[in-house]
Number of protein chains: 2
Amino acid sequence: MAIGRPTQSSSQTPDAGAARRPSRARGIPEATVARLPLYLRALTALSERSVPTVSSEELATAAGVNSAKLRKDFSYLGSYGTRGVGYDVEYLVYQISRELGLTQDWPVVIVGIGNLGHALANYGGFASRGFRVAALLDADPAVVGSSAAGLPVRHMDELEAIVAGQQVSIGVITTPPGAAQQVCDRLVEAGVTSILNFAPTVLTVPDGVDVRKVDLSIELQILAFHEQRKAGEEPTQDGGMLDRAPGPVRAAAAKLRRAAGGTAKAEPAKGKPGKGTEGERSAVMPA
Amino acid sequence: MAIGRPTQSSSQTPDAGAARRPSRARGIPEATVARLPLYLRALTALSERSVPTVSSEELATAAGVNSAKLRKDFSYLGSYGTRGVGYDVEYLVYQISRELGLTQDWPVVIVGIGNLGHALANYGGFASRGFRVAALLDADPAVVGSSAAGLPVRHMDELEAIVAGQQVSIGVITTPPGAAQQVCDRLVEAGVTSILNFAPTVLTVPDGVDVRKVDLSIELQILAFHEQRKAGEEPTQDGGMLDRAPGPVRAAAAKLRRAAGGTAKAEPAKGKPGKGTEGERSAVMPA
DNA sequence: CCATCTTTGTGCACACGTTCACAAACGCAT
DNA sequence: ATGCGTTTGTGAACGTGTGCACAAAGATGG
């Protein structure tokens, strides 16, 4: 099926009145940048099998995209292919790596060494491509001093020294949600300008700092949405259409809501339908 | 800064000649669906603080989007606001939950109980919103029998029975990349129709099955790309422009490549520039 | 009941992303 | 050399997403 998922909704800062940069300073569209790692992975696999060249069609299949998109993506990098032949695997690996900035080393700090922090510290894909764990940090004295993936867990107080000393520009936040913003602020203050946030929190950062988020809960909810749709696909006609109807019905409902919901924290909504699993897609507030 | 990240590049199946569904069967755009969980989270927080109503401006700030977008998003669900006042928090929580399918319970199986699997099993955000871990599965006999987050780890062979018995429709893959496709096939075969994939692999699934992926490595690479750009932003004029130049220069480079790269698996590219960190953005293959 | 103020809902224009489809470029055989 | 088959690179059309700006709708006060 392949859900559309055009925008995965990730930009964190609410476009704080900023200068409205086209976000593709030197021409490469964001959508393309997001796919480059995919191509790189497929190419690396081909490289390991000593395949010398690959056509856009083959590579596209391996990367899970269609060939037209792939060719257009590559066209932003330059004309690295040979018509009638395809692309030189090794050459392309190098070009993409260079474009992504993977020809240099990126030290990374991980803050919050709980279950997830541990998992990330042990993640093999880290070192494989230019990323190096510069330090594991935690605020909990009980955790500090232990070790994960062969690295000692150090105290948050060392953050500033580590970031400055090792030129760390990327930080990974794996703390509980409550601590995320605070940790984020400290990372930024220390000089980190790119943050990967695993905490289910909207982070606010100053201009010039990039934030990407990974949120299990959101992904599951999106899946649930589509799953639900699959379940009730036959009765496409009705399916809660009344909710979308304007006019008196809606207006009345609105009044009703406010009338009884003054103090808030009432029941979710006046009279949830008594029907079971399937009945959730009935009409307006039960009616 | 807020990277654009329009498409996070996630659709897995390469549009397998399918029927080209607009992916918004009943009108709600994918981009909106992806933001609903964000709104829901913000609304839940307000609800816990017993805030009765909220304006689009306030809610938008809390969710990290702009208010026009939020209003447009809500307009796809129906007109649930009151002009001059705002939105009823409790009512919206219910409506969004219903739209996302969170008013029912979604049993989930997690396959691959390594570091990451453990972390996910312990993840609180699971049960909080309609998701319930139906079972933890692993193929490794050394892991089977142990327990994580109070649940026993069961053997892969029980998968089919569990999926059928508990009506599981969502599966989470946290296996090593090599096993992911195989596990995926088995999940699908057993009846799972939505998959959340944490393994760095492109999964191929039949039509009707949704796949979303979460890939740490890709996220980091995207951050690195932007980080690199920040580092070299002054010399916007040149910046490896030659690579993009067509004509004889390029053609010659192409020939050169193929001439020496016959057997493949040669060095990354003929003569990597001898320059250091900063020099990576020089000209064509050194020239 | 009217005036005023607030906030929603949405038409419209624009930016971005995707896909088609085809000419140009290349390898290779004759 | 010439012609043929293959594959790239890209112009153009289309679809999706975003943001502005404003009319309409309701609240509030007199």
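**View 1. Composition of the protein surface near DNA strand D.** The residues of this surface comprise 12 nonpolar, 12 polar and nine charged ones. The model shown here and in the following views is predicted. Among the 33 residues around DNA strand D, those that come nearest are Gly81(A), Gly84(A), Pro29(B), Arg83(B) and Gly84(B).

**View 2. Secondary-structure elements that supply the surface near DNA strand D.** In chain A, helix H2 (56-63), helix H3 (67-77) and strand S3 each supply at least two residues. In chain B, helix H1 (30-48) and helix H3 (67-77) likewise each supply at least two residues of this surface. The largest share, five residues, comes from H3(A).

**View 3. The surroundings of Gly86(A).** Gly86(A) is located in strand S3 of chain A, which spans residues 86-88. With the neighbours within four places in sequence left aside, Gly86(A) is in contact with Thr53(A), Val54(A), Ser55(A), Ser56(A) and Gly81(A). One of these partners, Gly81(A), is also listed among the residues that come nearest to DNA strand D. Gly86(A) counts as partly exposed because 17 other C-beta atoms lie within 10 Å, whereas a buried residue would require 20 or more. Glu189(A) stands 103 residues from Gly86(A) along the chain, and the C-alpha atoms of the two are separated by 47 Å.

**View 4. The open sheet of chain B.** Seven strands are arranged in the order S6-S7-S5-S4-S8-S9-S10, with mixed pairing. Strand S6 (147-148) and strand S10 (210-213) of chain B stand at the edges and have a single partner strand each, so one side of each is left without a neighbour in the sheet. Within the sheet, strand S8 (residues 170-173) and strand S9 (residues 194-197) of chain B pair in the parallel sense over four bridges. One residue pair can be named here: Val172(B) has Leu196(B) in S9(B) as its bridge partner.

**View 5. A helix of chain A lying across strands of chain B.** Helix H9 (residues 216-231) of chain A lies across strand S4 (106-111), strand S5 (131-138), S8, S9 and S10 of chain B. Relative to S9(B), the helix runs at about 165 degrees.

**View 6. Overview of chain A.** Chain A contains 10 helices and 10 strands. Of its 287 residues, 45% are buried. Among contacts in chain A with a separation of 6 or more, 56% join residues 24 or more positions apart.

Definitions and conventions. Residues are numbered from 1 along each chain as its sequence is written. Chains are lettered from A and ligands numbered from 1 in the order in which they are written. This is a predicted model: local features need pLDDT of at least 70, side-chain atom pairs count only at pLDDT 80 or more; totals for chains, interfaces and linings use all residues. A residue is buried if 20 or more other C-beta atoms lie within 10 Å of its own, exposed if 12 or fewer, and partly exposed in between; C-beta atoms are placed from the backbone. Two residues are in contact if their C-beta atoms, placed from the backbone, lie within 7 Å. A residue is near a molecule or strand if its C-beta atom, placed from the backbone, lies within 6 Å of it. Ala, Val, Leu, Ile, Met, Phe, Trp, Tyr, Cys and Pro count as nonpolar, Asp, Glu, Lys and Arg as charged, and the others, Gly among them, as polar. Two strands pair if DSSP finds at least two bridges between them. Axes are lines fitted to C-alpha atoms, for helices over the stretch in contact, and angles run from 0 to 180 degrees between N-to-C directions.
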